[in-house]
Amino acid sequence: MTIENISNNKVFDGWHKQYSHQSEILNCKMRFAIYLPPQATSKHKVPVMYWLSGLTCSDENFMQKAGALRIAAELGIAIVAPDTSPRGEDVPDDANQAYDFGLGAGFYVNATEAPWDKHYQMYDYVVSELPALIEANFPVNTQRVVSGHSMGGHGALMIALRNADLYQSVSAFSPICNPKNCPWGRKAFTGYLGTDQVAWEQYDSTELISKTTQHIPMMIEQGSSDDFLVEQLKPEALIAAAQGNHFPLTFTMADGYDHSYYFISSYIEKHMRFHAVNLGLIKY
């Protein structure tokens, strides 16, 4: 698959790069960012952390605001940040250009409802197409971890729970934990998947963690002063489901933190080191 380089910036002796490519799954041109640490060479392939961003974000938010590149360079972990939805003139958007549906709000599902089903196949893109492209074009190995924020936290948890064999660990900041029971999730699932709520359960981390028989190391960070905590994020549902299924979940309520990248930048090193342990790069 042909990829086109858009930008290159040297940082912490590694390289942050942006690329575009024509996605066969999403039927549009997509952009992603990759950080290659200095350890990544033709003779030494490094593991990858896939970062999934939240509503209204693109590939740029995490790379520019999280402060993760220094620690990624130290640990020798590549970071790949895809966009949050398909984009382009032919890609449908919400009729009212709402921030929580359509462009920038793909919710990491495979849409089944028209007109969204032609392009909005973000689950398959993140799980299959993008990793295959990354592993074919860059000095990375097949070890993967996944992390994300808000809508992207939902995506990271859901994807890892459904594909525990593909990821060494998963972490999330302020994830939407029970999307079938919150306004953001119900709007997205109804639009992309239709009204059959049984079909929603395959994309709901609370439902998945209550039934899974595979355990994957999981860490969640949540700010106590997050404006979306009660109505949208609902971590208590996920925690209860995990406890009911004896799933080993590490959850931290961070006092005073909100939903912003100030929160993420405060704890990203903790999460990167968590993943490095599970990748076998460092010890606790």
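Predicted model: local features only at pLDDT ≥ 70, side-chain atom pairs only at ≥ 80, totals over all residues.
Close-up 1. For reference, a disulfide is counted when two cysteine sulfur atoms lie within 2.5 Å. Search the whole structure and you find zero disulfides. Both residues shown here are tucked away: Cys 28 is buried at a relative accessible area of 7%, and Cys 182 is buried at 1%.

**Close-up 2. Ser 58 in its loop.** Look between β4 (46-52) and α1 (60-65), and you will find Ser 58 in the loop that links them. Its relative accessibility is 14%, so Ser 58 counts as buried. A polar atom of the Ser 58 side chain sits 3.2 Å from the backbone nitrogen of Glu 60. Setting aside neighbours within four places in sequence, Ser 58 also touches Arg 31, Ser 53, Pro 82, Asp 83 and Arg 87.

Close-up 3. Strands β1 (residues 3-11) and β2 (residues 14-23) pair antiparallel over eight bridges. Val 11 has Gly 14 of β2 as its bridge partner. On to β3 (residues 28-36): this strand runs antiparallel to β2, joined by nine bridges. Here Trp 15 stands opposite Leu 36 of β3.

Close-up 4. Nine strands line up as β1-β2-β3-β5-β4-β6-β7-β8-β9, making an open sheet with mixed pairing. β1 and β9 (249-254) are the edge strands, each with a single partner, so one side of each has no neighbour in the sheet. From one strand to the next, the twist averages 20 degrees. Helix α9 (residues 235-244) packs on the sheet, where α9 touches β8 (218-223) and β9, and its direction makes about 150 degrees with that of β9. Helix α10 (residues 261-278) lies across several strands, including β4, β6 (140-149) and β9, and runs at about 170 degrees to β7 (170-173).

**Close-up 5. Helix α4, mostly under cover.** The 12 residues of α4 (residues 151-162) reach 17 Å from first C-alpha to last, close to the 16 Å expected. Of these 12 residues, 11 are buried; among them are Met 151, His 154, Leu 157 and Ile 159.

How values were computed:
Residues numbered from 1 in each chain as written. Heavy atoms only, no water. Helix = DSSP H or I, 4+ residues; strand = E, 2+ residues; numbered from the N terminus. Buried < 20%, exposed > 50% of the residue type's maximum accessible area, 1.4 Å probe, protein only. Polar contact = N/O pair within 3.5 Å; in protein donor to acceptor, adjacent residues only side chain to side chain. Contact = heavy atoms within 4.5 Å. Pairing = 2+ DSSP bridges. Expected span 1.5 Å × (residues − 1). Axes fitted to C-alpha atoms, helices over the stretch in contact; angles between N-to-C directions.
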